[in-house]
Amino acid sequence: MKKLALVMAVLMIFTCTSALADFHETNLPITDEKYEFSMMIDDSGYPEDKIIYNMLEEQTNVHVNLNLAPYALQVEKLGIALNTGDYADVIAGWLLGTKDIIDLGMGDQTFLPLEDLIAKYAPNIEEVLNIPGVRESMTLPDGHIYCIPYVVGEPEATFKPYINQVWLERVGMEMPTTPEELKAVLIAFRDQDANGNGDPSDEIPFSGDPNNLSLGMLAGWWGVDANSGNSDYPYFALVDGKIQFNANKPEYKQFIEFFADLYKEKLIDPEIFTQDLETWKAKGKQDLYGVSIAYGPGDYFENFNKGTEEYAKYGENAFTYLPVLKGCENPIYHRNSYGVTLFRTQAVITDKCDEEKAAIIIRWFDNLYTNDNSRQSVSGPFGIKIEKLGEHLYRELDTSNFTDERNEKYGWANIFTQSLCRYYHDDVVLGAGKTEVEKSFNDIGDELYGPYLNEHFPAVWSTNEEDGNRASILATDINTYVKSKMAQWISGEANVEEEWDAYLAQLDAYGLEELTEIHRRALGEAQ
Amino acid sequence: MQTAHHHMKRSREDVIYDVIIFCILTLVFLIVAYPLYFVVISSFSDPVAVAGGKVILYPIGFTLDGYKEVFKTQAVMRGFLNSLIYTAVGVCVNLAVTIPTSYALSRKDFPLNRPITLFYIVTMFVGGGMMPTYLVVRDTGLLNTMWALILPGALGVYNMIVARTFFTTNIPSELMEAAKLDGCGNTRFFAYIVLPLSGAIMAILFLYYGVGHWNSYFSALIYITDRDKFPLQLELRNILLQNSVNMTKTVMTEEELAEKERLEALKEMMKYSLIIISSIPVLIIYPFVQKHFVKGVMIGSVKG
Amino acid sequence: MSDKTISKKQKKTFLQRMQGNWDLLFFCLPGIILTIVYHYIPIYGIQIAFRNYKAKRGIWGSQWVGLKNFQRFFTSAFAFTTIRNTLVLSLYSLIASFPVAVILALMLNSLRHKRYRKVIQAVTYAPHFISVVVMCGMLILFLSPRVGVVNMVIKALGGETINFMGKSYMWRHIYVWSGIWQSMGWSSVIYFAALAGVSPEHHEAAIVDGATKFQRVLHIDLPYLAPTMTMLLILNCGSILSIGFEKAYALQNDLNIGVSEIISTYVYKVGIINRDVSFSTAIDLFNSVVNSILLITVNAITGKMSGNSLW
């Protein structure tokens, strides 16, 4: 009997220590034997193409089993996975929202609390948490942190209207500074042959990317921000620290009337509310737009007339930002960030993992969070696409002699799951053969728009489930109504003057006051 | 003794009728055909021209890139093969389950007729929903296998009712009674008399079920996790939704923008060639199946 | 004949009637087993509609909330709009597409040129296989005021371009008729196949009696299709509220949302995007109940009227 106990004791010690011996708390590799964990993330590519993961595996001995699908599909699959209990070890990317973290993290511990693991095993991630403001925003009301923080630099103002400078020159006008001046410019675009193809009637003075049309942002020209894109509180804005609904203000009505007038004068793309993305892009590529709302400069517009003298003057792109127009004394514009944005729902470790697995995963992420790894995951491997010049300093390598295949292989989307959190915010990346950083288009935009930007919503965790459910129904109804009314009024299908009072009454009937109260409560916890 | 008059001179009304039919059908043909024709010429055209509305009657910016991309994409080819297998096996199972059932239910003298029919009709009203079904599929070990796509929907009630109607209309009970007098049991009757006469309905079911399998993606979405088991439609959906707008992040870096551009361009290029490639098998099979509609209908031989 | 003669005093017992027919039961067995396993067993999941489902607690462990999920739907100002839109769209589709399929089949059957007929058939079946997403993209393109074919034709004929997708009153017509375009060939298959069973002798007899082709079609072919037509009509009624969301979603825009928001798109936005299984299950249940009532009613009516019914 004693012998048996002794043997068992020895065996137990063996197995325990060997398990621990396999996992290293510091230094690489993370484990002695090949280890594996599964990750579900949104990505349009295929796991075998993600070569950076191979690099990371060599460093850590940890293999990641990637479950990939494009965002729309993956969200559906995630719903099924979470509801049936068949989910991966890690869920990451843009798939989760704050509601999920609250319900599944704080609520029933489907997601594991991470702050202890990070403190113990992940110095790099801990550093990110220590950036001022981050830890508070990442911590839920129960004191735990459930996600890995993703801090990234973002423009302070994103989404702006762009104007074609070559066209401006051709019609001999100055950059407009007020809405009325804009109208004059648009009229010139409409009537003259601004795109130089001999036909004065095919120009579309004003259009917009159908997926990012939030015209309500432009109500800022009259002083109220009625932005609806990329927001937790569409059509709401913070004014003096208090949240208020803006799609019912007199200034909003002014904005509607202005654009309805433009539409009537045929200055706006008749398809602006009905076209799909491809149609909008195709028209842009045919040089049909004077002013357009778009993601960014991109190469939507640069595919034509490139190389002609007129265009050469403007460098890569004939389009530049339309400035914030003075529709009133103090126009404002929607603020996207304060230069840095923290994404709080980026990566969670699920309860499919035991303690050891969670620790290994955290260490894997910590390895990803080293500067060099994060940088390479974005820009490409050292020696092929990029070189390191010093701490946080990198330079792109010349890739002009790459074949199409090689470009494809090392292309940004293929080498890594780009929706995953990392840390590369502080990096300075020089262009190939350059020694100085050039001002980016976003920087220029921020300078231009900086003075006008309004307050940004603070990051809160609204934990009241009743409120959350009610808000989702109210918001859907109200947003649909506002959006459709805006479209109808601007396109002339309905008249804003006649319908304004009924509109206000209807908003109340849809529960606007209640929704505002719910939002106040949610923000009030932080205010 | 009459000769077959309908081969000789047609009456004036008949001629008018024929002409009208011809004209209407031709019109229908043109209206339906144009968008299809459009798909074909677009698959050979420059995607920018297509989206810009320049492609109307013939390809603009002729290119084979759309097709090249499709064949280059391993995932698409794999999906194609998978779909062929799933459809072939699936239809066999469907027919094996549906035809006997609908024959049995077409027999008014089968005492369990009403209860079993009701048993099936009820499933049209009441369903547990996607999630509980998933759990059952999982617990029966079908997850991530071909059978998850085949077994749960093996008998489509709609199709079964169609088949049942076929049997009631086309297999008169006198035939059965005659056979019974000769001592022929149900099974033999079914195997030797009914089946050979079922060419038309088998062809229809083959088509309905086959297309159902070929076009389905939702079951695969839920039940299949291995990428190399995906059917074609799922891959197609993958590609068409590649730039699906993700609602949390609209700000993009230069690279993200460029990449988005590239993916969208790729998707545009493949959009039309994908349709053609994924429709070809069905369009090829149909004419063969159609032959059987006309064959094997024996009505005249019984009524005397 | 032994089945039909029932003596006045005794009816055959069940076992007696089953005699010799047991093999018919075996014909049905595989289907029954599969249906029980994969359809009836999951029915226990319907109760999710009455619970506040949380994955971790499982179905039985989730809190019972009675009709709360249904309440959430019906207290939305939009709920009735979506129901109305769904019904209108469904009925319109049904009433419009039904005769088209039948008439197409009849016409094809009458066509004398067999080769040409095969060509037409092949062409009319093809649209069925085009995925909804792509078809909607093509539709938006064709109808575009700037680059669309339809408007080019209108302009060539001297008219003004029409922004079809921007007019909400056009939306339902666009939806339904594009659906007919896509499905009419496919729907006519079954009628065409059924017509193959029409006895040629009937036609010959009619010709002898001096009937024109048109009269023959009307009085022989059409009635022959009656049972099939009735059955399909009934079956289609059973899915009145269940229009899938993909097409409406793809064709939706701000200007037409008043008519294009149907139950499934609404549930998608609120239920699926928020991953609210309880909500979507509740609405599905509501749909099923309404569909069922409709199905039973229509079946009973047609049963009385024509003797043809599903059961």
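Modeller: One definition to start: helix axes are lines fitted to C-alpha atoms over the stretch in contact, and angles run from 0 to 180 degrees between N-to-C directions. Also, this is a predicted model.

Colleague: Okay. At what angle do α4 and α11 of chain B pack?

Modeller: About 135 degrees, with the axes 9 Å apart. Helix α4 of chain B spans residues 74-106, and helix α11 of chain B spans residues 199-215.

Colleague: Why are α4(B) and α11(B) called oblique?

Modeller: Angles over 145 degrees count as roughly antiparallel and 65 to 115 as roughly perpendicular, with oblique for what is left. The pair sits at about 135 degrees, so α4(B) and α11(B) are oblique to each other.

Colleague: Is the crossing of α4(B) and α11(B) left-handed or right-handed?

Modeller: Right-handed. On the α4(B) side the contact includes S83(B), Y86(B) and G90(B). Among those on α11(B) are M202(B), F206(B) and W214(B). By class, this contact has 9 nonpolar, 7 polar and no charged residues.

Colleague: New topic. How many residues of chain B are in contact with chain C?

Modeller: 81 residues of chain B, and they meet 77 residues of chain C. Helix α1 of chain B, residues 12-43, gives the largest share of chain B's side, 13 residues.

Colleague: And by class, what is on that side of chain B?

Modeller: 50 nonpolar, 23 polar and 8 charged residues.

Colleague: Now chain A. How many helices and strands?

Modeller: Chain A has 20 helices and 15 strands. Its radius of gyration is 27 Å, close to the 24 Å from the globule rule for 527 residues, so chain A is as compact as a globular protein of that length.

Colleague: What share of chain A is buried?

Modeller: 45% of its 527 residues.

Notes
Residues are numbered from 1 along each chain as its sequence is written. Chains are lettered from A and ligands numbered from 1 in the order in which they are written. This is a predicted model: local features need pLDDT of at least 70, side-chain atom pairs count only at pLDDT 80 or more; totals for chains, interfaces and linings use all residues. Helices (H or I, at least four residues) and strands (E, at least two) are DSSP runs, numbered from the N terminus. Angles under 35 degrees count as roughly parallel, over 145 as roughly antiparallel, 65 to 115 as roughly perpendicular and the rest as oblique. A crossing is left-handed if the near helix is turned anticlockwise from the far one by less than a right angle, and right-handed if clockwise. Two residues are in contact if their C-beta atoms, placed from the backbone, lie within 7 Å. Ala, Val, Leu, Ile, Met, Phe, Trp, Tyr, Cys and Pro count as nonpolar, Asp, Glu, Lys and Arg as charged, and the others, Gly among them, as polar. The radius of gyration is taken over C-alpha atoms; the globule rule is 2.2 Å times the number of residues to the power 0.38. A residue is buried if 20 or more other C-beta atoms lie within 10 Å of its own, exposed if 12 or fewer, and partly exposed in between; C-beta atoms are placed from the backbone.
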